[in-house]
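These are my notebook entries on a structure that I had not examined before. I set down what I looked up, entry by entry.

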Amino acid sequence: MNGPGTKAESEDLWSRYDLEYRAYEDDAWYDVYVVLDATAEKLTVKYWSSPAYEIVFTAVEFATEAQVDDLAGRFRPVSVKLEDNECWMLSIGTTVCAAHAIGDDLYRFYDAVIEAAHSFADGEEKCLCNFVLFWKNGRGRGTLTSANIARICITEPATQLDPRISAFTIMAKKKITSSDSIFTRKKDSELSQNRSLEMDTIMTQKSLMLESEVSGKMCNYNAWPSQDEDLGSSCYTEFILICNLENDLTPSSIKDFIYKQTSILPQAFVFPRPLSDPFARGAIMVDSQKKVQIIYEFLENPNHIVVSSRGRPWVIAEKASVWTFGANIWNLIPMTLDEIKCIRIDARRIDEELQVVISGTESYNRAKQLKDLLVEYIHHESQLCKRLVLEEQKIWQSCQPA
């Protein structure tokens, strides 16, 4: 890893860089040192690769709680660099943080999923395995590439949000609550423009030549508000409708699962259902086409299927935009308010409720059969709706005076 000063100074400085930050500019992960100034109500983010460069967030610059949550979700503890003899940890379906080439000897670290693993020279001290990665974000999002263990770090769920980030989110949300919508809304694109970096010169992160300096990395996420928060001013304009949910699945579980798999924090809903329906229906909503596309690609990836703990596969019913409704969309959606206070993510609970089954397994084959059956049912239901509309039109037309 590139850093300033002597080896001793570097080791002392490195101990401060205990978080990773996913930059707005390129969605890559960078090792950072975070300083909270409670008096000035600001959060300063300093990059390990360029200590002279820093980003400052102020509590007053956020217009909605969704923006605050999005910022908090961009921090996590530093990822674990695996040794050669630890390649067994990289099983199919594992989410990792890996280096993706963006130029000659220039890399950025993005989240990816292990799609396949090819082992060679079993018993050798040096790992010769080759791993196929499905990129979840960054320039290679949605594509497959191969990598060896030298370019892969592993992420693990953490149990709590970093205290500095947590304290700052409280400050920012208090500012939002106390203001009567006097702040101009800042979109992600505007935040990116205000904090543009000289990406080719100062954002060199986790040099593979110094990979031995990389230390402990865990995926951190915690304490996200449930869907009962005030969403009137939020701009969640893209949605995916999901069928075949378990009847007892909660919106918070959907939010946690999607965040864990895609690093995107959505809003989630579970709709009331007729007693005759064998399954529940719900929706996942985000505030940009880019985010909804990432989630959609994850859910529709042919190499895996999302299922409940009972084996019920998720089926996408529709992906669309609701921008024409504006903020009033929240008044049209029936919500299941399962939790009133902030929640703490429990990775074991998520794994128990929702799972990803990989192609080639018995669980996948069973889920594929059930999913195909549901898709046929949804198509049949759609045809019946069209017929209903047609028959209604005929009745109304017959009632018109000659």
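**Entry 1: Lys 371 and Glu 300.** I looked up the salt bridge between Lys 371 and Glu 300, whose closest N and O atoms are 3.6 Å apart. I count a salt bridge where a side-chain nitrogen of Lys or Arg is within 4 Å of a carboxyl oxygen of Asp or Glu. Lys 371 belongs to helix H10 and Glu 300 to the loop between H7 and E15, so I record a link between distant parts of the chain, 71 residues apart. Helices (H or I, at least four residues) and strands (E, at least two) are DSSP runs, numbered from the N terminus. Lys 371 is buried at a relative accessible area of 14%, whereas Glu 300 is partly exposed at 34%. Buried means under 20% relative accessible area, exposed over 50% and partly exposed in between, with a 1.4 Å probe and protein chains only.

**Entry 2: source of the model.** I note that the model is predicted, that local features need pLDDT of at least 70, that side-chain atom pairs count only at pLDDT 80 or more, and that totals for chains, interfaces and linings use all residues. Residues are numbered from 1 along each chain as its sequence is written, and side-chain values use heavy atoms, with hydrogens and water left out.

**Entry 3: helix H10.** I then followed the helix that holds Lys 371. H10 covers residues 362-399, has 38 residues and reaches 56 Å from its first C-alpha to its last, close to the expected 56 Å. The expected span is 1.5 Å times one less than the number of residues. Which residues of H10 are buried? I found Tyr 364, Ala 367, Lys 371, Leu 374 and Ile 378. An α-helix has 3.6 residues a turn, so residues three or four places apart point the same way.

**Entry 4: further salt bridges.** The count of salt bridges comes to 22. One of them joins Lys 291 and Asp 70, with the closest N and O atoms 3.5 Å apart. Lys 291 lies in helix H7 (residues 289-299) and Asp 70 in helix H2 (residues 65-72), so the pair ties together parts that are 221 residues apart in sequence. Lys 291 is buried at 14% relative accessible area, and Asp 70 counts as buried at 13%.

Glu 246 is in the loop between strand E12 (238-245) and helix H6 (251-262), and Arg 312 is in the loop between strand E15 (304-308) and strand E16 (315-321), so parts 66 residues apart in sequence are tied together. Glu 246 is buried at 12%, while Arg 312 is partly exposed at 25%.

**Entry 5: Pro 278.** Where does Pro 278 lie? I placed Pro 278 in the loop between strand E13 (267-270) and strand E14 (280-286). Neighbours within four places in sequence aside, Pro 278 is in contact (heavy atoms within 4.5 Å) with Asn 247 and Arg 312. From Pro 278 to Asn 244 I note 34 residues in sequence and 8.1 Å in space, C-alpha to C-alpha.

**Entry 6: aromatic rings.** My search of the whole structure gave eleven aromatic pairs. Rings of Phe, Tyr and Trp (its six-membered ring) pair if their centres lie within 6.5 Å; planes under 30 degrees apart count as stacked, over 60 as edge-to-face and the rest as tilted. Tyr 21 and Tyr 47 have ring centres 6.4 Å apart and planes at 80 degrees, so this pair is edge-to-face. Both Tyr 21 and Tyr 47 are buried. Tyr 21 and Phe 75 have centres 5.0 Å apart and planes at 35 degrees, so this pair is tilted. Tyr 21 in strand E1 and Phe 75 in strand E5 (residues 75-77) are 54 residues apart. One aromatic cluster takes in Tyr 21, Tyr 30, Tyr 47, Tyr 53, Phe 57 and Phe 75.

**Entry 7: nonpolar cores.** A nonpolar core is a set of buried Ala, Val, Leu, Ile, Met, Phe, Trp, Tyr and Cys residues joined through side-chain atoms within 4.5 Å. The largest has 42 residues, of which Tyr 21, Val 32, Phe 57, Phe 75 and Leu 133 touch the most other members. Helix H3 (residues 163-178) gives the most to this core, with five residues. Apart from this core lies another, of 22 residues, including Trp 314 and Leu 354.
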